[in-house]
Amino acid sequence: MNWAAVSAMYVSEMTRFFRTIAQSFISPVISTSLYFVVFGAAIGSRIDQVEGVSYGAFIVPGLIMLSVMTQAISNASFGIYFPKFIGTIYELLSAPVNFLEVVLGFVGAAATKALFIGVVILGTASLFVDIQIQHPFAMVLFLLLTCLSFALFGFIIGIWAQNFEQLQLIPLLVITPLVFLGGSFYSISMLPPIWQKITLFNPVVYLISGFRWSFFGTADVPVGLSLLAIAGFTALCMGAIWWIFRTGWRIRS
Amino acid sequence: MTAIVDIRDLRKVYDGGFEALKGITLSIREGEILALLGPNGAGKTTLISTICGITNPSSGEVTVGGFDVVEQYRGARSLIGLVPQEMSLEPFTKVKDAVSYSRGLFGKPRDDAAIDKILKQLSLWDKRNARVVELSGGMKRRVLIAKALSHEPKVLFLDEPTAGVDVELRKDMWDVVAELKAQGVTIILTTHYIEEAEAIADRVGVINGGQLLLVEEKDALMRRLGQKTLQIELQEPTQAIPETLAGYDLELVSEGQALRYTYDTRGESTGITRLLGDLSAAGLQMRDLLTEQSSLEDIFVGLVKEGAA
């Protein structure tokens with residue numbers, strides 16, 4: 001392993017993050033606060049409880065997931081797309097590094113940033129509502145795996161994208177709808193029966209359900225299935241990246 | 001001297017079907033400066049990119065320091081420093097961070113003293129804390145070189161290092177190249193300026209249309225490149241070159257209608273004045289004069305045809 005390279009890539013990516021630390025910190029705090037004002041106070045006050053949890057607390061895991069997924073994707077996709085765009089990718093391609101090292105450096109940094117934001121949101125949310133975490137170990141595991149797998153997915157998008165529009169396309173058209181419809185703000189038991197079935201095709205449902213279980217002990221789908229889904233998604237993305245580096249798809253002519 | 005870079009029948013066909021390299025075979029000796037001359041689109045950058053791992057070869061073999069660039073890419077790439085043609089730099093990074101990053105990427109442990117030395121050598125010391133975006137074009141070029149040197153490579157590729165660079169920087173660059181050569185670094189540079197090859201190279205390779213037309217010691221090549229021809233068209237055709245003109249490098253062309261004189265523009269005297277006097281003395285009447293300098297391409301296409309015949 002070329003650990004010096006892994007650390008160089010990781011530190012370089014994190015430096016970019018710290019250059020804009022104020023935005024990185026303030027924007028999730030503000031957006032979380034807004035969600036609490038709108039969903040927690042205005043709408044939530046008219047909803048009693050969901051599965052025995054106050055609505056304000058119920059949406060916390062979904063809110064964290066929503067931000068972590070979108071942040072992991074946007075950080076990782078931009079992280080690898082930017083060198084492609086400005087041409088500095090030449091250095092990465094000519095360096096003595098393999099796919100695992102690049103992934104550890106770039107995806108590791110993107111996942112760290114997403115994790116940071118997840119923790120900030122959890123902290124902000126705890127100012128608004130009382131949060132109990134029943135399974136802290138599982139909570140951390142779900143959070144880490146979500147950061148990792150969505151950063152991997154973002155990395156693939158960054159390599160696939162040939163312009164800035166494409167970079168935004170999948171997060172905007174696929175991820176955001178899936179996350180919103182994945183039970184961030186509701187339990188799927190609140191849906192009409194037919195939609196309860198259809199929504200099971202949405203992979204994000206499993207992630208949010210598992211994550212919420214680690215907080216409140218209640219879940220829409222069995223927690224084992226959630227863990228399997230996130231592990232499978234991680235493996236799938238790793239496989240795709242391994243293939244990309246082996247064939248040089250979209251990076252090496 | 002042993003070969004540090006060995007290229008065997010290297011071919012590159014791009015997805016669109018364009019054949020950028022048509023079977024290049026070349027041995028680059030350890031410690032030499034090799035200039036690859038050729039027009040735009042000749043395949044110079046593709047050749048370098050393939051050696052450095054940016055482009056996949058379609059067939060053939062390349063080893064650097066004995067390591068196959070595909071199978072043993074770690075060993076091969078660790079030895080290589082690359083200065084690309086394009087000014088590809090992350091704009092918001094500080095100069096010294098950009099250089100340290102490259103060192104790490106190539107697997108070397110952090111060494112501030114080594115980085116400082118390179119920054120001083122390239123006159124970047126004063127700018128070490130400046131962001132890349134604040135630098136002039138020439139300074140950015142220096143940063144690219146500093147990045148390529150950060151991991152103390154054994155082989156340095158400079159892809160058109162002086163394209164669009166001012167005279168001062170060009171001179172500085174040649175000094176750096178000379179210093180690196182003294183340290184035993186092998187340097188391969190591409191250029192389309194003959195003067196540049198002449199100033200610093202030990203050997204010159206000419207590449208065109210994806211083929212390596214020739215590799216020759218610089219001195220021998222420059223003699224050939226300095227040659228020019230003077231075509232003297234005669235009023236009356238002649239059957240043979242008069243005896244009195246035997247001392248000149250003359251040849252009879254166009255069925256005796258003209259004489260062709262080959263001379264060296266680098267010599268102290270081209271001998272034209274004397275020749276024209278001797279022609280009149282020999283009773284040959286001139287109708288027209290025409291001088292011609294063979295282009296690089298002409299010369300080597302000719303040479304390749306000769307070789308194939």
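These legends describe close-up views of a predicted model.

**View 1. The side of chain B that touches chain A.** In this predicted model, 26 residues of chain B are in contact with 21 residues of chain A. Three elements of chain B give two or more residues to this side: helix H2 (73-78), strand S6 (80-83) and helix H3 (95-105). By residue class, the chain B side holds 13 nonpolar, eight polar and five charged residues.

**View 2. The open sheet of chain B.** Six strands of chain B line up in the order S6-S7-S8-S3-S9-S10. The pairing is mixed. S6 and strand S10 (211-217) of chain B are the edge strands, each pairing on one side only. From one strand to the next, the twist averages 15°. Strand S6 of chain B also belongs to the side that touches chain A.

**View 3. Strands S3 and S8 of chain B.** Strand S3 (residues 33-37) and strand S8 (residues 186-191) of chain B run parallel. Five bridges join them. One residue pair to locate is Leu36(B) with its bridge partner in S8(B), Thr190(B).

**View 4. Helix H5 of chain B on the sheet.** Helix H5 (residues 137-149) of chain B packs on the sheet. Helix H5 touches S6 and strand S7 (155-159) of chain B. The direction of H5 makes about 170° with that of S6(B).

**View 5. Helix H6 of chain B on the sheet.** Helix H6 (residues 167-182) of chain B packs on the sheet too, touching S3, S7 and S8 of chain B. Its direction makes about 150° with that of S8(B). Strand S7 of chain B is touched by H6 and also by H5.

How values were computed
Residues are numbered from 1 along each chain as its sequence is written. Chains are lettered from A and ligands numbered from 1 in the order in which they are written. This is a predicted model: local features need pLDDT of at least 70, side-chain atom pairs count only at pLDDT 80 or more; totals for chains, interfaces and linings use all residues. Two residues are in contact if their C-beta atoms, placed from the backbone, lie within 7 Å. Helices (H or I, at least four residues) and strands (E, at least two) are DSSP runs, numbered from the N terminus. Ala, Val, Leu, Ile, Met, Phe, Trp, Tyr, Cys and Pro count as nonpolar, Asp, Glu, Lys and Arg as charged, and the others, Gly among them, as polar. Two strands pair if DSSP finds at least two bridges between them. Axes are lines fitted to C-alpha atoms, for helices over the stretch in contact, and angles run from 0 to 180 degrees between N-to-C directions.
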